[in-house]
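Hello,

Here is the structure you are taking over. Please look through it first, then read the notes below.

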Amino acid sequence: MTTLGERFARGRGRLRQHPLAFDAALALGVLVCMVAGSFVDRHGGPHGGPDFGGRTPGASSVLLMLIGAAALVPRRRRPLGVLLFTGAVTLVEHVSQDPPAPVAMSAVVALYTVASRTDRPTTWRFGLLTMVVLTGAAMLFGAAPWYSQENLGVFAWTGMAAAAGDAVRSRRAFVDAIRERAERAERTREEEARRRVAEERLRIARDLHDVVAHHIALVNVQAGVAAHVMDKRPDQAKEALAHVREASRSALDELRVTVGLLRQSGDPEAPTEPAPGLAVLDELLDTFRNAGLPVELARTDQGTELPAAVDLAAYRIIQEALTNVRKHAGPAARAEVSVVRVGRTVEVTVLDDGAPTGQAADGGGHGLLGMRERATALGGALSAGPRYGGGFRVQAILPVTARTGEAT
């Protein structure tokens, strides 16, 4: 069972959804209050108190009250015009009637509207003008002394209307500012989420490039070996084809893990395999040795716990650098890989003694560009170029602690 207050709140809410209807209802309420007040004789009751029904408003006063109340209906669309009009109606009432009917109530509501819907300087200017004009008219044209309660009441009501309207405007501006900041923060969060998604996609694209380039290069080499010795040395051809099969299976496994990162959390068969790192570096080098590239390894990073992003980046850089050696350095090339802990960094170096026919010293090509972007994204650096006396050198300096906020 609803209470009277709840029904009133719901009715007021419905009226606020229709501003014109609300203003019409407000104008009607103001008219009722003005008419009721016009029947009160302020000093006609016993002991000089108010007496309801002690006087009757004249026809001109009733007409001015109707006009003043009706003028409040468009108060939202033309607040200043309504204030000037109701102020003029009130001024006419004070000049023509003594004691005047409370037509000033319409001017008070209009002044509140101006203060709540315009800026503070406008409120000050028109508020002071309304207070001075209406209070001065009441003092000059009324029979009561200038310091009477009626005259001071006009001054007080106009001042309170301006102050209340300005307070409502300030609160509305404060709420709007809070709402705008909340919306801006929400947009910023969405933009940050989109940026992180784009970075993650770029990282996955780099992994896909490294995986595919490495394994396809090995498959290509072993397939060429098998085709070359198929007729004369079938046993060696079978061994090469076995390496092709192993490299292709490894490529498929890594592709499944990398592409599986794109799955949603509720998708079945989500990947649980860890990303490759330096812990499986020996297995990576074995694949190159099986493909005919002699590789030597030197490590002084034992016991160093690397963040997942740094560990993966080091592994991929070595993988891509050795793939480039196998593709570009010639069949007689040899490679050396070193992983050294130096202070707060890990230095990964890949050297070869071949003749670089396809690698660009200036870092051109997607492979070298991808390695450099990996190192830079973690706050490290990568250099690549020909060695003095022949061969090629790739060196990456990676921080032991990954940069905060970078995608891993």
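**Notes on cores and helices**

The largest nonpolar core has 37 residues, and those touching the most other members are Val295, Ile318, Leu322, Leu382 and Val394. A nonpolar core is a set of buried Ala, Val, Leu, Ile, Met, Phe, Trp, Tyr and Cys residues joined through side-chain atoms within 4.5 Å; buried means under 20% relative accessible area, with a 1.4 Å probe and protein chains only. Helix 10 (308-328) is among the elements that give two or more residues to this core, and its 10 residues are the most from any element. Helices are DSSP runs of H or I with at least four residues, numbered from the N terminus.

The model is predicted: local features need pLDDT of at least 70, side-chain atom pairs count only at pLDDT 80 or more, and totals for chains, interfaces and linings use all residues. Residues are numbered from 1 along each chain as its sequence is written, and side-chain values use heavy atoms, without hydrogens and water.

Val295 touches (heavy atoms within 4.5 Å) Leu285, Phe288, Arg289, Leu322, Ala335 and Val337, leaving aside residues up to four places away in sequence. A second, separate core has 21 residues, including Val82, Leu83, Val108 and Ala162.

In helix 3 (residues 59-70), the buried residues are Ser61, Leu64, Met65, Gly68 and Ala69. They fall within an arc of 130 degrees seen down the helix 3 axis, so they line one face of the helix; the arc is taken from the directions from the axis to the C-beta atoms. Their cover includes helix 2 (19-38), helix 4 (79-96) and helix 5 (104-117).

Regards

Conventions: Expected span 1.5 Å × (residues − 1). Buried < 20%, exposed > 50% of the residue type's maximum accessible area, 1.4 Å probe, protein only.
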